[in-house]
Amino acid sequence: MSAPTLFNAPATEPIALADAKLHLRIESDETADDALVTALIAAARQQAEHETGCRLVTQTWKWMLDAFPSGEESIRLHASLWPVQSVSAIQYVDSTGALRTMNSALYSLDAVNAPGYVFLASGAAWPSDVADSANAVTLTVVSGYGAAADVPHAIRQWMLLQIGAMYRNREAFSEQRNVTALPNRFVDRLLDPFRLVGV
């Protein structure tokens with residue numbers, strides 16, 4: 001089992017450039033720092049995903065397995081794919097080396113219970129003619145809360161605070177000095193309800 005790999009990156013960030021500039025008290029017509037602020041937005045989103053274990057805006061991942069589960073056992077999705085919107089495809093390499101796609105009617109997704117599970121439909125079975133090789137099975141998983149507006153407000157507020165801290169301390173980051181703690185670390189508790197624990 002390998003770690004998931006990003007297939008389609010988020011098309012947007014949870015925080016718009018205009019909202020970040022408003023938070024930073026940068027006038028909308030001041031564009032000198034737009035590239036920097038845009039980079040800080042992406043960095044804050046990536047850090048929020050790391051801290052919570054969740055994906056924020058819609059993105060697509062590929063996750064490879066060596067084989068299907070035995071019997072009627074479900075596939076327990078990788079925790080880093082939570083929250084799961086859909087499993088858009090399950091493909092596998094068969095014993096002849098051909099790539100096959102499993103009929104989506106043969107399985108269903110439990111996207112309510114973390115980290116997400118793929119169950120066989122009644123009477124269905126996992127393919128048995130799978131190649132005996134590493135990464136023979138590939139799941140394409142769409143993850144994230146949805147659009148930017150669907151990301152919980154507390155996470156977006158945490159991101160704004162991190163963007164502000166990184167903007168104020170940008171020399172420390174650009175010179176690659178060790179920054180052990182950003183100001184007001186108590187704000188990390190904003191993320192607590194969204195952290196994946198024990199999954």
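Reader: In which helix is Leu 36 found?

Author: Leu 36 is found in helix α2. Please bear in mind throughout that this is a predicted model.

Reader: How many residues does α2 have, and how far does it reach?

Author: The span of a helix may be set against the value expected for its number of residues. Helix α2 has 19 residues and reaches 27 Å from its first C-alpha to its last, close to the 27 Å expected at 1.5 Å a residue. After α2 comes Gly 53, whose phi is positive, near 80 degrees.

Reader: Which residues of α2 are buried?

Author: An α-helix has 3.6 residues a turn, so residues three or four places apart point the same way. In α2 the buried residues include Val 37, Leu 40, Ile 41, Ala 44, Arg 45 and Ala 48. Among the elements that cover the buried residues of α2 are α1 (17-23), β2 and α3 (153-168).

Reader: Is Arg 45 buried or exposed, and with what is it in contact?

Author: Relative accessible area decides the matter, and buried means under 20%. Arg 45, in helix α2, has a relative accessible area of 9% and is therefore buried. Leaving aside neighbours within four places in sequence, Arg 45 is in contact with Pro 10, Glu 13, Pro 14, Leu 56 and Met 159.

Reader: Let us turn to the strands. How many residues of β8 are buried?

Author: For a strand, one asks which way each side chain points and whether it is covered. Strand β8 (residues 137-143) is mostly covered, with seven of its seven residues buried. Val 137, Leu 139, Val 141 and Ser 143 point one way, while Thr 138, Thr 140 and Val 142 point the other way.

Reader: How many bridges join β2 to β8, and how many join β4 to β8?

Author: Seven bridges join β2 to β8, and these strands run antiparallel. Strands β4 and β8 also run antiparallel, joined by seven bridges. As landmarks, Lys 62 stands opposite Thr 140 in β8, and Ile 90 stands opposite Leu 139 in β8. Lys 62 can also be located by a ring: it lies over the face of Phe 7, at 4.6 Å from the ring centre.

Reader: What is the order of the open sheet of three strands?

Author: The order is β3-β7-β6, with antiparallel pairing. Strands β3 and β6 (107-110) stand at the edges, each with a single partner strand, so one side of each is left without a neighbour in the sheet. Two bridges pair β3 with β7, where the bridge partner of Ile 75 is Val 118. Four bridges join β6 to strand β7 (residues 117-120), and Ser 108 stands opposite Phe 119 in β7.

Reader: How many residues lie between β6 and β7 in their hairpin?

Author: There are six residues between them, and Gly 116 in the turn has a positive phi of about 105 degrees.

Reader: Which residues form the covered face of β7?

Author: Val 118 and Leu 120 form the covered face, whereas Tyr 117 and Phe 119 form the uncovered one. At 36% relative accessibility, Phe 119 counts as partly exposed.

Reader: Finally, how many aromatic pairs are there?

Author: Ring pairs are read from the distance between centres and the angle between planes. The count comes to three aromatic pairs. One of these is Phe 68 with Tyr 92, edge-to-face at 5.7 Å centre to centre and 75 degrees between the planes. Phe 68 lies in the loop between β2 (59-65) and β3 (75-76) and Tyr 92 in strand β4 (residues 84-93), so this pair ties together parts that are 24 residues apart in sequence. Both Phe 68 and Tyr 92 are buried. Tyr 117 and Phe 119 form a tilted pair, 6.2 Å centre to centre with 35 degrees between the planes.

Reader: Which residues form the aromatic cluster?

Author: The cluster is formed by Phe 68, Tyr 92 and Trp 126.

Note on methods:
Residues are numbered from 1 along each chain as its sequence is written. This is a predicted model: local features need pLDDT of at least 70, side-chain atom pairs count only at pLDDT 80 or more; totals for chains, interfaces and linings use all residues. Side-chain values use heavy atoms; hydrogens and water are left out. Rings of Phe, Tyr and Trp (its six-membered ring) pair if their centres lie within 6.5 Å; planes under 30 degrees apart count as stacked, over 60 as edge-to-face and the rest as tilted. Buried means under 20% relative accessible area, exposed over 50%, partly exposed in between (1.4 Å probe, protein chains only). A charge sits over a ring if NZ of Lys or CZ of Arg is within 6 Å of the ring centre and within 35 degrees of the ring normal. Two strands pair if DSSP finds at least two bridges between them. Contact means heavy atoms within 4.5 Å. The expected span of a helix is 1.5 Å times one less than its number of residues.
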